[in-house]
Amino acid sequence: MKRAVVNSSPLIYLAKACALNLLLSIYTEVLIPLEVYREVVIKGLEKGFKDAIAVKKAVDSRQLSILEVSSREVERILRLFPCLDRGEAEVLALALAYKPCHVIIDDKLGRIAARMLGIEVHGTLYIITMAVRKGLISSTKALELLNRLVVSGFRLSTEVYLEMRKRLEKL
């Protein structure tokens, strides 16, 4: 897959773990909707978050593209899935407009909505796995990255963490 539409949390946590470059290396085109840019960069810079600086640099260097989406389509998605926030709805609307693509989103409800809309969906951990499979990082570095994600606040269950460690050790 050459194109991905990315939600806020994968951008934030990959940037916090100094691994945003992996996302940008896996996909030839990485798109984010305006609301995700507002959440990650504008609000992040106001709060002094370093991850916001890294994402802004990726936007400024045109590695990440910000696109506006149809407000009509966003409202339709929010009616279908009222549990989503505006950023997630914009991600899904953008993905529908730019199919085929992957959606990179960690929120469980966002992932369910994406699947219901027929969009291929993955999360932050997929990026790490693909980085190893593509030879961008070693499995040892991926395990270190997984730990940096957890230390930076990335939430995942103990079971998922252990399964991911096992999977990375096999690659």
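Which helices each supply at least two residues of the lining of the largest pocket? Helix 1 (8-16), helix 8 (124-133) and helix 10 (158-170) do. Helices here are DSSP runs of H or I with at least four residues, strands are E runs with at least two, and both are numbered from the N terminus.

A word on the model before we go on. This is a predicted model, so local features need pLDDT of at least 70, side-chain atom pairs count only at pLDDT 80 or more, and totals for chains, interfaces and linings use all residues. Residues are numbered from 1 along each chain as its sequence is written, and side-chain values use heavy atoms, with hydrogens and water left out.

Back to the pocket. Its volume is about 600 Å³. Of the 24 lining residues, the closest to the centre are Ser-9, Asp-106, Asp-107, Phe-154 and Arg-155. How is a pocket found? Grid points are joined across faces, edges and corners, and the volume is the space filled by probe spheres set on the points.

Helix 8 gives the largest share of the lining, 5 residues. By class, the lining has 8 nonpolar, 7 polar and 9 charged residues. Nonpolar means Ala, Val, Leu, Ile, Met, Phe, Trp, Tyr, Cys and Pro; charged means Asp, Glu, Lys and Arg; the others, Gly among them, are polar.

Now the packing. Helix 8 and helix 10 have axes that come within 11 Å and cross at roughly 10°. Axes are lines fitted to C-alpha atoms, over the stretch in contact, and angles run from 0 to 180 degrees between N-to-C directions. The two helices are therefore roughly parallel to each other, a label for angles under 35 degrees. Helix 8 brings Leu-125, Ile-128, Thr-129 and Val-132 to the contact, and helix 10 brings Val-160, Met-164, Arg-167 and Leu-168. Contact means heavy atoms within 4.5 Å. Those residues divide into 6 nonpolar, 1 polar and 1 charged.

Stay on helix 10 for a moment. Tyr-161 is found there. Leaving aside neighbours within four places in sequence, Tyr-161 touches Leu-146, Asn-147, Val-150 and Leu-156.

Next, helix 1 and helix 3 (residues 34-46). Their axes come within 9 Å and cross at roughly 35°. Ser-8, Leu-11 and Ile-12 of helix 1 meet Val-36, Glu-39 and Val-40 of helix 3. That contact has 4 nonpolar, 1 polar and 1 charged residue.

One more pair. Helix 5 (residues 71-80) and helix 6 (residues 86-97) pack at about 115°, with axes 9 Å apart. By class, their contact holds 7 nonpolar, 1 polar and 5 charged residues.

Finally, two backbone details. Most residues other than glycine have a negative phi, and most peptide bonds are trans. Cys-18 is not a glycine, yet has a positive phi of about 55°. Cys-18 sits in the loop between helix 1 and helix 2 (20-26). A cis peptide bond, with omega about 0°, joins Lys-99 and Pro-100. Where is Pro-100? Pro-100 lies in the loop between helix 6 and strand 4 (102-104).

Conventions
1 Å grid on protein atoms, 1.4 Å probe; cavity = no way out; pocket = protein on both sides within 12 Å on 5 of 7 lines; lining within 4 Å. Parallel < 35°, antiparallel > 145°, perpendicular 65-115°, else oblique.
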